[in-house]
Amino acid sequence: MRIDRTHRPWAITAFIVVIVSLIGYLWYASTQPGGPRGGTAIGLTFGIAGYAMMLFEGLLGARKKVPVWRLGRMQTWMRGHIWLGLATLPLILFHAGFAFRGPLTAVLMWMFFAVYVSGIVGAILQHYLPSLITSRVPLETIYEEIPHIRQQLRDEADLLVENLGDEAEHDDKVRFREAYQSNIRPFLDAPQRAGAALADEQKSALVFESLFRTVPLVLHPVLTDIQSICEEERQLIRQRKIYHWLHVWLLVHVPLSIALLVLGGVHAIVALRY
């Protein structure tokens, strides 16, 4: 999701929450005998508010799983997820009084920092990925459809080589098919194979330039179509690499967030009970 003007209301709301909380904390810290602590009424208020925001952050996953729920637009949830998530850090620090008391609290705080930093990384990725994909992958497709699209490209190239037509000489068609099988088909089978010349745009241009010089003019239209297929394959490679970073981020951010919510609930129960 790109961060643009539509985020302004959420950004302003988060800013107001932080400023009001900061003013309240400064007054509270200056008047509380023994310094601020999480077990006081105001400390608990900060903790409850911070954990409530964390629960809202976690509900985004449930909202994505059930898109038919009429609980607001997904874009609205995403904006709230970003900006309320940023506002959560000062609330949790105000709750703790900037001190990590006890092993469970220390583990929770370090886990919280990890979730917070990974969330910022995710927001940066989601802001820049769309423009990166647009510039580097003009023929972007649905990520889950990439294996199917790759199979279609291979089938299309095979069909072009199989049906070369009667205009070309038999020997020329044999050489063309041999060149295809040795230079092009391996790339379409395993485009990310180490050292594949056609995976690099400049090296691919040199390969096809050489083929155009050796292939009869009558077969140039077919070679041009195959060159376009290879370019589509390279774009699919780029798209997969870009999305790979987003998927790696999710594998870090989501499990940590779930663990943080569970341990945060345990911390709240233990603190209130004992």
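First, my terms: on a 1 Å grid over the protein atoms alone, a pocket is an open set of points with protein on both sides within 12 Å along at least five of seven lines, a cavity is a set where a 1.4 Å probe fits but cannot get out, and lining residues have an atom within 4 Å of a point. The model is predicted, so local features need pLDDT of at least 70 and side-chain atom pairs 80 or more, while totals for chains, interfaces and linings use all residues. Residues are numbered from 1 along each chain, and side-chain values use heavy atoms, without hydrogens or water.

Entry one, the second largest pocket. I found about 710 Å³ of space in it. Its lining has 27 residues, and Gly38, His95, His267, Ala268 and Ala271 lie nearest the centre. By class, I noted 18 nonpolar, 7 polar and 2 charged residues in this lining.

My search of the whole structure gave 1 cavity of 30 Å³ or more. The largest cavity holds about 40 Å³ of space. I listed Phe176, Ala179, Tyr180, Ile184, Leu211, Leu223 and Ile226 as its lining. Helix H6 (170-189) and H8 each give two or more residues to this lining, and H6 gives the most, with 4. The classes here are 7 nonpolar, no polar and no charged.

I placed Phe15 in helix H1 (residues 8-31). Is Phe15 buried or exposed? Phe15 counts as exposed because its relative accessibility is 55%, and exposed means over 50% relative accessible area with a 1.4 Å probe, protein chains only.

Note on methods
Buried means under 20% relative accessible area, exposed over 50%, partly exposed in between (1.4 Å probe, protein chains only). Grid points are joined across faces, edges and corners, and a volume is the space filled by probe spheres set on the points. Ala, Val, Leu, Ile, Met, Phe, Trp, Tyr, Cys and Pro count as nonpolar, Asp, Glu, Lys and Arg as charged, and the others, Gly among them, as polar.
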